[in-house]
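Have the structure open and follow along.

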Amino acid sequence: MDIKQLKFLIALDETRHFGQAAARCHITQPTLSMRLRSLEEELDLPLVNRGQRFEGFTAPGERVLAWARTVLAAYDGLYAEAAACRGNLVGTLRLGVVPLSSFDPLPLLQRLHAEHPNLRFELSSLSSEQILEQLANNRLDLGVSYLERLDTEHFDSLTFSEARMGLLYDHRFFNFGEAPLSWESLIELPLGMLTSGMHFRQSIDHNFHSRGLTPRPLLQTDAVHQLLQAVHGGLCCAIMPLDSGLESLTDDLRLQPIENAQTLGRLGLIMRRSAPRSALAEACFAIYQQSLAGA
């Protein structure tokens with residue numbers, strides 16, 4: 001057994017396709033299949049259900065896959081730890097962020113890149129449940145998510161300041177002056193929103209409903225980029241985190257404050273407590289903690 005076999009197994013889980021897994025690992029599909037069969041023979045266990053195409057993992061395969069992720073995280077962590085001892089950070093920092101977070105990761109990533117140019121970054125947009133699951137399974141190093149149901153026995157967190165909301169619009173199609181907007185004035189606008197059930201949408205609905213208002217969105221989507229495209233095209237306006245920096249994406253976008261507009265839950269930076277915990281996660285967590293202390 002070697003590390004590459006475990007990487008092949010994880011690639012197959014993430015792509016759910018033999019050919020795509022082989023391409024990701026820069027090998028041929030027959031080589032991938034041969035190496036996985038060799039792993040099965042060594043463990044004396046069937047790991048993969050095979051048919052005309054990939055059909056999932058066997059029950060033992062799922063258990064071996066969980067161990068493979070732990071072993072690979074420890075392997076990568078060893079190299080990252082050695083580099084950290086030399087004053088460097090190397091590898092890939094994996095960060096998961098909930099949609100429409102008020103946290104802008106760019107300044108943090110820019111600082112890390114400037115100080116450690118060999119560091120790479122992987123950003124994922126995930127639900128709060130997915131972030132906690134992937135942190136627990138070592139598929140993420142850090143997460144930006146809501147803290148109200150966080151298990152503090154298993155996770156460390158840094159709480160962000162309370163998120164406020166504003167109205168994002170394209171000034172070529174709308175003009176609202178300079179004053180903060182009321183929730184009552186928003187009800188008459190063509191609004192684009194994330195779909196019901198998403199955490200940020202719940203905060204929007206709460207602000208409307210607590211005032212006896214019922215929004216009728218022109219557009220609903222579960223994709224933030226589609227919502228931004230619709231706003232930029234003048235189809236609608238959208239309620240967004242006020243400090244998200246979205247208005248700087250183009251010269252035409254504006255983000256105007258809304259009166260008494262707070263989200264329901266506080267956001268924070270989250271890191272798992274238990275080992276193996278990557279040197280990258282700890283360094284990034286410490287840097288952000290320092291930035292909060294200096295703010």
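**Helix H1 and its partners**

From H1, the residues Ile3, Leu6, Lys7, Leu9, Ile10, Asp13 and Glu14 meet Val64, Leu65, Ala68, Arg69, Val71, Leu72 and Tyr75 of H4, where contact means heavy atoms within 4.5 Å. Sorted by type, the residues of this contact come out as 10 nonpolar, no polar and 4 charged (Ala, Val, Leu, Ile, Met, Phe, Trp, Tyr, Cys and Pro count as nonpolar, Asp, Glu, Lys and Arg as charged, and the others, Gly among them, as polar).

A word on what you're looking at: this is a predicted model, with local features needing pLDDT of at least 70 and side-chain atom pairs counting only at pLDDT 80 or more, while totals for chains, interfaces and linings use all residues. Residues are numbered from 1 along each chain as its sequence is written, and side-chain values use heavy atoms, leaving out hydrogens and water.

Now the geometry. The axes of H1 (residues 3-15) and H4 (residues 59-85) come within 9 Å and cross at roughly 120° (axes are lines fitted to C-alpha atoms, for helices over the stretch in contact, and angles run from 0 to 180 degrees between N-to-C directions). That makes H1 oblique to H4 (under 35 degrees is roughly parallel, over 145 roughly antiparallel, 65 to 115 roughly perpendicular and the rest oblique).

Against H3 (residues 29-43), H1 packs at about 110°, with the axes 10 Å apart. H1 and H3 are therefore roughly perpendicular to each other. Here Gln5, Phe8, Leu9 and Leu12 of H1 meet Leu32, Arg35, Leu36, Ser38 and Leu39 of H3.

Notes: Helices (H or I, at least four residues) and strands (E, at least two) are DSSP runs, numbered from the N terminus.
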